[in-house]
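I took them one at a time, then in pairs.

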Amino acid sequence: MGEKKPTAIALLSGGLDSALAAALTKRLGFGVVGVNFSTGFCTGQGRCDTVLAVGQALGIPVRLLDVDQEYLEVVKAPKFGYGSGMNPCLDCRIFMLKKAGELMEREGAEFVVTGEVLGQRPMSQHRRALDLVAAESGLGDRLVRPLSGRLLAATWPEKQGWVRREDWLDIQGRSRRRQLELARQWGIEDFSQPAGGCCILLEKSYAARLRDLFRQRGPQALTQEDFALLRHGRHFRLSPKAKLIVGRDETENAVLEGFSRGRLRLEFPDVPGPTALVEGPVGEEELVLAARIAARYADVPPGEETRVQVLGPEPRVLRVRPLPPDDPRLRELRVG
Ligand code: SF4
(Lines give C-alpha, C1' and ligand atoms only; values in the text may rest on other atoms or scores of the structure.)
Protein backbone atom coordinates (compact mmCIF):
# COMPACT_ATOMS: atom_id res chain seq x y z
CA MET A 1 0.00 0.00 0.00
CA GLY A 2 2.35 2.74 -1.15
CA GLU A 3 5.26 4.14 0.85
CA LYS A 4 5.93 3.06 4.43
CA LYS A 5 3.98 5.19 6.86
CA PRO A 6 4.73 5.76 10.56
CA THR A 7 3.61 3.50 13.36
CA ALA A 8 0.47 3.78 15.51
CA ILE A 9 -0.29 2.30 18.92
CA ALA A 10 -3.69 0.57 18.93
CA LEU A 11 -5.55 -0.06 22.17
CA LEU A 12 -6.98 -3.56 21.93
CA SER A 13 -9.71 -4.71 24.31
CA GLY A 14 -10.32 -8.07 22.69
CA GLY A 15 -13.61 -6.68 21.30
CA LEU A 16 -14.55 -6.01 17.70
CA ASP A 17 -14.39 -2.20 17.58
CA SER A 18 -10.80 -1.93 18.72
CA ALA A 19 -9.82 -4.76 16.33
CA LEU A 20 -11.47 -2.93 13.42
CA ALA A 21 -9.78 0.38 14.32
CA ALA A 22 -6.38 -1.37 14.33
CA ALA A 23 -7.21 -3.23 11.11
CA LEU A 24 -8.24 -0.05 9.28
CA THR A 25 -5.08 1.74 10.44
CA LYS A 26 -3.00 -1.13 9.12
CA ARG A 27 -4.93 -1.23 5.84
CA LEU A 28 -4.07 2.46 5.40
CA GLY A 29 -0.41 1.48 5.41
CA PHE A 30 0.64 2.36 8.97
CA GLY A 31 2.67 0.11 11.18
CA VAL A 32 0.51 -0.92 14.14
CA VAL A 33 1.52 -2.09 17.61
CA GLY A 34 -1.38 -3.35 19.74
CA VAL A 35 -1.52 -2.82 23.49
CA ASN A 36 -3.74 -4.13 26.25
CA PHE A 37 -3.65 -3.15 29.91
CA SER A 38 -4.33 -5.49 32.78
CA THR A 39 -5.83 -3.42 35.61
CA GLY A 40 -6.54 -6.13 38.17
CA PHE A 41 -10.28 -5.48 37.76
CA CYS A 42 -10.74 -7.20 34.41
CA THR A 43 -13.36 -9.90 34.12
CA GLY A 44 -13.69 -12.72 31.60
CA GLN A 45 -11.49 -15.76 31.36
CA GLY A 46 -8.97 -15.78 28.55
CA ARG A 47 -9.28 -12.07 27.76
CA CYS A 48 -5.55 -11.82 27.15
CA ASP A 49 -5.74 -14.83 24.83
CA THR A 50 -8.44 -13.07 22.82
CA VAL A 51 -6.30 -9.95 22.55
CA LEU A 52 -3.32 -12.01 21.41
CA ALA A 53 -5.53 -13.85 18.90
CA VAL A 54 -6.75 -10.52 17.51
CA GLY A 55 -3.12 -9.39 17.17
CA GLN A 56 -2.22 -12.59 15.39
CA ALA A 57 -5.20 -12.37 13.03
CA LEU A 58 -4.23 -8.78 12.15
CA GLY A 59 -0.55 -9.63 11.87
CA ILE A 60 0.54 -7.04 14.45
CA PRO A 61 2.65 -7.36 17.61
CA VAL A 62 0.79 -6.95 20.92
CA ARG A 63 2.16 -5.62 24.21
CA LEU A 64 0.36 -6.83 27.34
CA LEU A 65 1.07 -4.34 30.11
CA ASP A 66 0.37 -4.85 33.77
CA VAL A 67 -0.77 -1.58 35.38
CA ASP A 68 -2.49 -3.00 38.52
CA GLN A 69 -0.68 -0.93 41.12
CA GLU A 70 -0.95 2.45 39.39
CA TYR A 71 -4.54 1.79 38.39
CA LEU A 72 -5.57 1.52 42.05
CA GLU A 73 -4.94 5.24 42.45
CA VAL A 74 -7.44 5.92 39.65
CA VAL A 75 -10.10 3.81 41.38
CA LYS A 76 -9.44 5.38 44.78
CA ALA A 77 -9.83 8.99 43.71
CA PRO A 78 -11.19 9.54 40.20
CA LYS A 79 -11.26 13.18 39.19
CA PHE A 80 -14.45 12.69 37.15
CA GLY A 81 -16.26 10.36 39.56
CA TYR A 82 -17.85 6.96 39.19
CA GLY A 83 -20.48 5.54 36.82
CA SER A 84 -23.37 3.31 37.89
CA GLY A 85 -21.04 1.06 39.89
CA MET A 86 -17.59 2.05 41.12
CA ASN A 87 -16.35 2.29 37.53
CA PRO A 88 -14.38 5.48 36.97
CA CYS A 89 -14.80 5.24 33.17
CA LEU A 90 -13.57 8.69 32.16
CA ASP A 91 -10.52 8.57 34.42
CA CYS A 92 -9.88 5.00 33.32
CA ARG A 93 -9.86 5.99 29.64
CA ILE A 94 -7.60 8.94 30.40
CA PHE A 95 -5.23 6.74 32.40
CA MET A 96 -5.01 4.09 29.67
CA LEU A 97 -4.45 6.68 26.99
CA LYS A 98 -1.69 8.30 29.04
CA LYS A 99 -0.08 4.86 29.29
CA ALA A 100 -0.57 4.36 25.55
CA GLY A 101 1.06 7.76 25.03
CA GLU A 102 4.11 6.62 27.02
CA LEU A 103 4.28 3.50 24.89
CA MET A 104 3.98 5.67 21.78
CA GLU A 105 7.11 7.55 22.89
CA ARG A 106 8.99 4.34 23.69
CA GLU A 107 8.09 2.71 20.38
CA GLY A 108 8.76 5.83 18.32
CA ALA A 109 5.13 5.77 17.15
CA GLU A 110 3.24 8.87 15.95
CA PHE A 111 -0.29 8.44 17.22
CA VAL A 112 -2.71 6.26 19.20
CA VAL A 113 -5.86 4.65 17.85
CA THR A 114 -8.89 3.40 19.76
CA GLY A 115 -12.11 1.64 18.77
CA GLU A 116 -14.31 4.34 20.28
CA VAL A 117 -17.45 5.09 18.32
CA LEU A 118 -19.20 8.44 18.58
CA GLY A 119 -22.45 8.06 20.52
CA GLN A 120 -22.06 4.36 21.22
CA ARG A 121 -21.94 4.71 24.98
CA PRO A 122 -23.96 7.60 26.32
CA MET A 123 -21.65 8.30 29.29
CA SER A 124 -18.19 7.96 27.83
CA GLN A 125 -18.43 8.26 24.06
CA HIS A 126 -20.40 11.41 23.38
CA ARG A 127 -18.50 14.18 21.63
CA ARG A 128 -17.66 16.20 24.75
CA ALA A 129 -16.35 13.12 26.56
CA LEU A 130 -14.19 12.18 23.57
CA ASP A 131 -12.72 15.70 23.48
CA LEU A 132 -12.17 15.74 27.24
CA VAL A 133 -10.34 12.40 27.18
CA ALA A 134 -8.13 13.54 24.29
CA ALA A 135 -7.18 16.72 26.16
CA GLU A 136 -6.74 15.20 29.65
CA SER A 137 -4.64 12.30 28.39
CA GLY A 138 -2.22 14.79 26.84
CA LEU A 139 -2.60 13.08 23.46
CA GLY A 140 -4.69 15.85 21.87
CA ASP A 141 -4.73 15.41 18.12
CA ARG A 142 -2.49 12.36 18.40
CA LEU A 143 -5.55 10.42 19.54
CA VAL A 144 -7.40 8.96 16.56
CA ARG A 145 -10.77 7.18 16.48
CA PRO A 146 -10.72 5.62 13.02
CA LEU A 147 -14.29 4.25 13.20
CA SER A 148 -15.75 7.75 13.64
CA GLY A 149 -12.82 9.76 12.27
CA ARG A 150 -14.80 11.38 9.45
CA LEU A 151 -17.20 12.87 12.01
CA LEU A 152 -14.55 14.23 14.37
CA ALA A 153 -11.99 17.03 14.24
CA ALA A 154 -8.88 16.49 12.09
CA THR A 155 -6.10 14.61 13.86
CA TRP A 156 -2.31 14.41 13.50
CA PRO A 157 -2.14 11.84 10.65
CA GLU A 158 -4.59 13.90 8.61
CA LYS A 159 -2.73 17.14 9.35
CA GLN A 160 0.51 15.48 8.25
CA GLY A 161 -1.09 14.40 4.98
CA TRP A 162 -0.64 10.68 5.69
CA VAL A 163 -4.38 10.12 5.29
CA ARG A 164 -7.34 11.89 3.81
CA ARG A 165 -10.49 12.57 5.79
CA GLU A 166 -12.46 10.04 3.70
CA ASP A 167 -10.03 7.27 4.65
CA TRP A 168 -11.61 7.12 8.11
CA LEU A 169 -15.09 5.76 8.73
CA ASP A 170 -18.22 7.60 9.81
CA ILE A 171 -19.80 5.08 12.16
CA GLN A 172 -21.85 6.45 15.04
CA GLY A 173 -24.48 5.25 17.50
CA ARG A 174 -25.21 1.97 19.16
CA SER A 175 -25.96 -0.27 16.17
CA ARG A 176 -23.29 -2.91 15.49
CA ARG A 177 -24.43 -3.58 11.91
CA ARG A 178 -21.60 -1.86 10.06
CA GLN A 179 -18.93 -3.25 12.39
CA LEU A 180 -20.18 -6.80 11.86
CA GLU A 181 -20.30 -6.24 8.10
CA LEU A 182 -16.68 -4.98 8.11
CA ALA A 183 -15.57 -7.90 10.28
CA ARG A 184 -17.00 -10.24 7.67
CA GLN A 185 -15.38 -8.34 4.78
CA TRP A 186 -11.99 -8.19 6.47
CA GLY A 187 -12.10 -11.74 7.84
CA ILE A 188 -11.87 -10.75 11.51
CA GLU A 189 -13.35 -13.57 13.56
CA ASP A 190 -11.55 -13.82 16.89
CA PHE A 191 -13.15 -11.19 19.05
CA SER A 192 -15.17 -11.25 22.24
CA GLN A 193 -18.82 -10.25 22.15
CA PRO A 194 -19.76 -7.17 24.14
CA ALA A 195 -21.18 -8.62 27.37
CA GLY A 196 -22.27 -7.01 30.64
CA GLY A 197 -18.92 -5.26 30.94
CA CYS A 198 -15.22 -5.84 30.93
CA CYS A 199 -14.65 -4.77 34.45
CA ILE A 200 -15.69 -5.95 37.90
CA LEU A 201 -16.08 -2.34 39.09
CA LEU A 202 -19.36 -2.28 37.15
CA GLU A 203 -20.82 -5.16 39.14
CA LYS A 204 -23.39 -4.15 41.73
CA SER A 205 -22.22 -6.45 44.52
CA TYR A 206 -18.53 -5.63 44.07
CA ALA A 207 -19.35 -1.91 43.99
CA ALA A 208 -21.36 -2.19 47.22
CA ARG A 209 -18.48 -3.96 48.99
CA LEU A 210 -16.00 -1.39 47.78
CA ARG A 211 -18.20 1.52 48.86
CA ASP A 212 -18.50 -0.10 52.29
CA LEU A 213 -14.73 -0.44 52.59
CA PHE A 214 -14.16 3.14 51.42
CA ARG A 215 -16.61 4.32 54.09
CA GLN A 216 -15.10 2.30 56.92
CA ARG A 217 -11.39 2.58 56.20
CA GLY A 218 -11.02 5.33 53.63
CA PRO A 219 -9.79 4.68 50.07
CA GLN A 220 -6.18 5.64 50.71
CA ALA A 221 -5.70 2.99 53.42
CA LEU A 222 -6.64 0.14 51.09
CA THR A 223 -4.10 -2.20 49.56
CA GLN A 224 -4.13 -4.28 46.40
CA GLU A 225 -4.98 -7.28 48.59
CA ASP A 226 -8.05 -5.53 50.03
CA PHE A 227 -9.37 -4.90 46.54
CA ALA A 228 -8.66 -8.50 45.52
CA LEU A 229 -10.40 -10.03 48.54
CA LEU A 230 -13.59 -8.13 47.70
CA ARG A 231 -13.98 -10.41 44.68
CA HIS A 232 -14.46 -13.57 46.73
CA GLY A 233 -17.01 -14.97 49.17
CA ARG A 234 -20.03 -13.59 51.00
CA HIS A 235 -19.16 -10.48 52.99
CA PHE A 236 -20.70 -9.53 56.33
CA ARG A 237 -19.95 -6.39 58.33
CA LEU A 238 -19.59 -7.29 62.02
CA SER A 239 -18.65 -3.78 63.22
CA PRO A 240 -17.21 -0.60 61.68
CA LYS A 241 -13.75 -2.20 61.92
CA ALA A 242 -14.47 -5.93 61.44
CA LYS A 243 -15.79 -8.10 58.65
CA LEU A 244 -16.52 -11.76 58.02
CA ILE A 245 -15.93 -13.37 54.62
CA VAL A 246 -17.41 -16.81 53.94
CA GLY A 247 -16.40 -18.99 50.97
CA ARG A 248 -19.23 -20.07 48.66
CA ASP A 249 -17.67 -23.22 47.20
CA GLU A 250 -14.50 -25.29 47.30
CA THR A 251 -12.62 -23.10 44.88
CA GLU A 252 -13.45 -20.00 46.88
CA ASN A 253 -12.54 -21.74 50.14
CA ALA A 254 -9.10 -22.45 48.70
CA VAL A 255 -8.76 -18.86 47.50
CA LEU A 256 -9.73 -17.50 50.92
CA GLU A 257 -7.11 -19.68 52.59
CA GLY A 258 -4.57 -17.72 50.59
CA PHE A 259 -5.79 -14.53 52.29
CA SER A 260 -5.39 -15.93 55.86
CA ARG A 261 -2.34 -13.87 56.80
CA GLY A 262 -3.28 -11.11 59.21
CA ARG A 263 -6.84 -12.48 59.56
CA LEU A 264 -8.51 -15.13 61.72
CA ARG A 265 -9.51 -18.25 59.80
CA LEU A 266 -12.56 -20.29 60.77
CA GLU A 267 -12.70 -24.00 59.85
CA PHE A 268 -15.18 -26.80 60.56
CA PRO A 269 -13.40 -29.94 61.80
CA ASP A 270 -16.53 -32.10 62.20
CA VAL A 271 -18.78 -31.31 59.25
CA PRO A 272 -18.29 -30.16 55.64
CA GLY A 273 -18.30 -26.37 55.81
CA PRO A 274 -16.91 -23.21 54.28
CA THR A 275 -13.62 -21.53 54.97
CA ALA A 276 -14.28 -18.17 56.58
CA LEU A 277 -12.07 -15.22 57.43
CA VAL A 278 -12.50 -12.60 60.11
CA GLU A 279 -10.80 -9.31 59.33
CA GLY A 280 -10.18 -6.58 61.87
CA PRO A 281 -10.35 -6.59 65.67
CA VAL A 282 -13.25 -8.54 67.18
CA GLY A 283 -14.50 -9.07 70.72
CA GLU A 284 -15.88 -12.38 71.98
CA GLU A 285 -19.45 -11.56 71.01
CA GLU A 286 -18.53 -10.64 67.43
CA LEU A 287 -16.35 -13.71 67.04
CA VAL A 288 -19.17 -16.00 68.17
CA LEU A 289 -21.57 -14.23 65.82
CA ALA A 290 -19.05 -14.68 62.96
CA ALA A 291 -18.76 -18.40 63.75
CA ARG A 292 -22.56 -18.76 63.88
CA ILE A 293 -22.96 -17.02 60.51
CA ALA A 294 -20.27 -19.21 58.93
CA ALA A 295 -21.89 -22.30 60.49
CA ARG A 296 -25.14 -21.38 58.74
CA TYR A 297 -23.34 -22.42 55.50
CA ALA A 298 -21.92 -25.67 56.95
CA ASP A 299 -23.72 -29.04 56.92
CA VAL A 300 -24.71 -28.97 60.57
CA PRO A 301 -27.66 -31.28 61.38
CA PRO A 302 -30.74 -29.21 62.33
CA GLY A 303 -30.85 -28.18 65.97
CA GLU A 304 -27.27 -29.29 66.70
CA GLU A 305 -24.10 -27.42 67.65
CA THR A 306 -20.81 -27.73 65.85
CA ARG A 307 -17.18 -27.04 66.61
CA VAL A 308 -15.48 -24.14 64.87
CA GLN A 309 -11.71 -23.94 64.85
CA VAL A 310 -10.38 -20.40 65.08
CA LEU A 311 -6.91 -20.24 63.51
CA GLY A 312 -4.76 -17.21 64.20
CA PRO A 313 -2.24 -15.94 66.74
CA GLU A 314 -4.24 -17.60 69.54
CA PRO A 315 -5.89 -20.72 68.12
CA ARG A 316 -8.98 -21.98 69.90
CA VAL A 317 -12.15 -23.94 69.39
CA LEU A 318 -15.68 -22.56 69.73
CA ARG A 319 -18.87 -24.55 70.01
CA VAL A 320 -21.76 -22.77 68.26
CA ARG A 321 -25.25 -23.25 66.91
CA PRO A 322 -25.68 -21.96 63.31
CA LEU A 323 -27.79 -18.86 62.83
CA PRO A 324 -31.18 -19.94 61.48
CA PRO A 325 -31.51 -19.11 57.74
CA ASP A 326 -34.31 -16.63 58.50
CA ASP A 327 -32.31 -14.72 61.12
CA PRO A 328 -32.56 -11.06 60.03
CA ARG A 329 -28.86 -10.46 60.83
CA LEU A 330 -27.90 -12.55 57.82
CA ARG A 331 -29.56 -9.97 55.61
CA GLU A 332 -28.76 -6.87 57.65
CA LEU A 333 -25.03 -7.52 57.98
CA ARG A 334 -24.52 -8.76 54.40
CA VAL A 335 -22.55 -6.37 52.19
CA GLY A 336 -23.12 -6.51 48.43
S1 SF4 B 1 -15.92 -0.29 32.37
FE2 SF4 B 1 -14.09 -0.48 33.65
S3 SF4 B 1 -12.42 -0.94 32.21
FE4 SF4 B 1 -14.14 -0.16 31.00
S5 SF4 B 1 -13.74 2.08 30.84
FE6 SF4 B 1 -15.08 1.78 32.61
S7 SF4 B 1 -13.70 1.62 34.35
FE8 SF4 B 1 -12.47 1.28 32.52
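**Entry 1: helix α5.** I started with what lies over the buried residues of α5, and found that the cover includes α4 (89-107) and β5 (143-144). I kept in mind that this is a predicted model.

Next I asked which residues of α5 (residues 127-136) are buried. I noted Ala129, Leu130, Val133 and Ala134. I then looked down the axis. These residues cover an arc of only 135 degrees, so they sit on the same side of α5. I checked the other side too, where Arg128 and Ala135 are exposed.

I followed the chain past the helix. Gly138 comes after α5, and its phi is positive, near 80 degrees.

**Entry 2: α4 against α5.** I looked up how this pair packs. The angle is about 40 degrees, and the axes are 9 Å apart. Angles under 35 degrees would count as roughly parallel, and the roughly perpendicular range is 65 to 115. The helices α4 and α5 are therefore oblique to each other. I wrote down a right-handed crossing for them.

Which residues meet here? From α4 I listed Leu90, Arg93, Ile94, Leu97 and Lys98. From α5 I listed Ala129, Leu132, Val133 and Glu136. I sorted the contact by class and got 6 nonpolar residues, 3 charged and no polar.

**Entry 3: helix α7.** I moved on to α7 (residues 177-186). Its buried residues are Gln179, Leu182, Ala183 and Trp186.

I asked what the buried residues of α7 pack against. I found α1 (16-27) there. I also noted Gly187, which follows α7 and has a positive phi, near 65 degrees.

**Entry 4: α1 against α7.** I read off an angle of about 50 degrees, with the axes 10 Å apart. That makes α1 oblique to α7. The crossing of α1 and α7 is left-handed.

I listed the contact residues last. On α1 they are Leu16, Asp17, Leu20, Ala23, Leu24 and Arg27. On α7 they are Gln179, Leu180, Leu182, Ala183 and Trp186. By class I have 8 nonpolar, 1 polar and 2 charged residues in this contact.

Methods. Residues numbered from 1 in each chain as written. Predicted model: local features only at pLDDT ≥ 70, side-chain atom pairs only at ≥ 80, totals over all residues. Heavy atoms only, no water. Buried < 20%, exposed > 50% of the residue type's maximum accessible area, 1.4 Å probe, protein only. Helix = DSSP H or I, 4+ residues; strand = E, 2+ residues; numbered from the N terminus. Contact = heavy atoms within 4.5 Å. Arc of directions from axis to C-beta. Axes fitted to C-alpha atoms, helices over the stretch in contact; angles between N-to-C directions. Parallel < 35°, antiparallel > 145°, perpendicular 65-115°, else oblique. Left-handed = near helix turned anticlockwise from the far one by under 90°. Nonpolar A, V, L, I, M, F, W, Y, C, P; charged D, E, K, R; others polar.
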